[in-house]
Amino acid sequence: MMSSPPDTSKTIKLERYNSYIRRLSSTKLLNASSKLLFRTTLLIALILVFFFIFNYPPLSSSENNNNNHHHHRQLHTRTNFLSSAFGGGAAWEKKVRHSSTPRRPNGMSVLVTGAAGFIGSHCSLALKKRGDGVVGFDNFNSYYDPSLKRAREALLKQHEIYIVEGDLNDALLLSKLFDVVPFTHILHLAAQAGVRYAMQNPQSYIKSNIAGFVNLLEVAKSVKPQPAIVWASSSSVYGLNTDNPFSELHRTDQPASLYAATKKAGEEIAHTYNHIYGLSLTALRFFTVYGPWGRPDMAYFFFTKDILHGKTIDLYQTQDGKEVARDFTYIDDIVKGCLGAVDTAEKSTGSGGKKRGPAQLRIYNLGNTSPVGVGKMVGIIEGLLSTKAKRHVIKMPSNGDVPYTHANVTLAYKDFGYKPTTDLASGLKKFVKWYVGYYGIQPRLKKDNHVQPQDSS
């Protein structure tokens, strides 16, 4: 008798049940994994969204909003830079405050731009010596030998005058300065100087004399209190004017050079900021300033250098054969005029960019009132150096120079007692003394002409 086959139905059912359980577990695991992956992706997305929100400005149809966000990022970056660049910020601010603190009762706090320059360094010393607080500002550009500017800076440092190195177009740095010190006055002497150089690098004149000036006025108009501003224009604004002597009432709408045009533009810009924002503004038209610590690009300076080195010098004549003449003005007389203008400058009338009433607006000539032919000037230098110049007389090129300047200073005398006292021979004698001492030259000078370097002001 054959045995019956084993009953496998229960085993099959058990395997089916286990397979079902496995599929169910797999499905639950897949669902759980999907949910975890979705939640992780969502979390990462949210993190990225918050990252972009806090680190980048939102897109906006308003260009002004975009500019504002961009400005705030720049401000944040610039503030960090200032802190790192100036020893953590506190040390730099301490230098600025110390330099700006007046040492006399009711003394002024003056920001002098172009303080490492010729006129700027002399004015800074004069202000400091009488007890005013002075902070300098200069970019130490290479228009002429920066080592001379650094030497002036060292001289100012001896008198506890600190120069901030920066550009006039850096609004954030200028604003930072006014955050640290509520300056009562600005003596704005920084500029791209020179007539002929404008033919080589015209943009430098626009950047400094126009854009830089506007930027300074923009900062000044917004601070509280607004400072009074005295600034350097130029006798070059008279251009092709033929009336002599030059008066502030004469026309100045025919500039003969780009340099002159930028200075004339500055006078018109000053009128605008005075009219709209109540800034007190005084323009000073300087006439051919010379003296110790002067500019190497000026004729008296490089004539002295070339004569000492036996080089030929070019003397210009007008197209009709007349001698070129200048109203040479000694630096000490210019400094007196600058301080006189500062002392009589009335307060600005605006506040926080809003005009509260009419404000002072002035223009003055500062010259010597005694034009001297360039040939005679060379003769004086020859006598001081006991050396004959090798002269080469040529016609004046069409490079923007004018043949003749002569200042009428009646208005400056009337308003703040400006009266030049140094004739060209006396002034050049002081310059040559400084020159040979500064450069360590031993020319055949008269015995009383040899001196050591001085800080003439």
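**Sheet and helix packing**

Q: How do strands β5 and β6 pair, and over how many bridges?
A: β5 (residues 228-232) and β6 (residues 281-286) run parallel, joined over four bridges. Strands are DSSP runs of E, at least two residues, and helices are runs of H or I, at least four, both numbered from the N terminus. Strands pair when DSSP finds at least two bridges.

Q: What kind of model is this?
A: A predicted one: local features need pLDDT of at least 70, side-chain atom pairs need 80 or more, and totals for chains, interfaces and linings use all residues. Residues are numbered from 1 along each chain as its sequence is written, and side-chain values use heavy atoms, without hydrogens or water.

Q: Back to β6. Which residue there partners A232?
A: L284 is the bridge partner of A232.

Q: What's the strand order in the sheet?
A: β3-β2-β1-β4-β5-β6-β13, seven strands in an open sheet with parallel pairing. β3 (162-165) and β13 (361-366) are the edges; each has a single partner strand, so one side of each lacks a neighbour in the sheet.

Q: New topic. At what angle do α11 and α13 cross?
A: Roughly 45 degrees, with the axes of α11 (residues 374-385) and α13 (residues 424-438) coming within 10 Å.

Q: Which residues make that contact?
A: From α11, M377, I380, I381, L384 and L385; from α13, L424, A425, L428, K429 and V432.

Note on methods
Axes are lines fitted to C-alpha atoms, for helices over the stretch in contact, and angles run from 0 to 180 degrees between N-to-C directions. Contact means heavy atoms within 4.5 Å.
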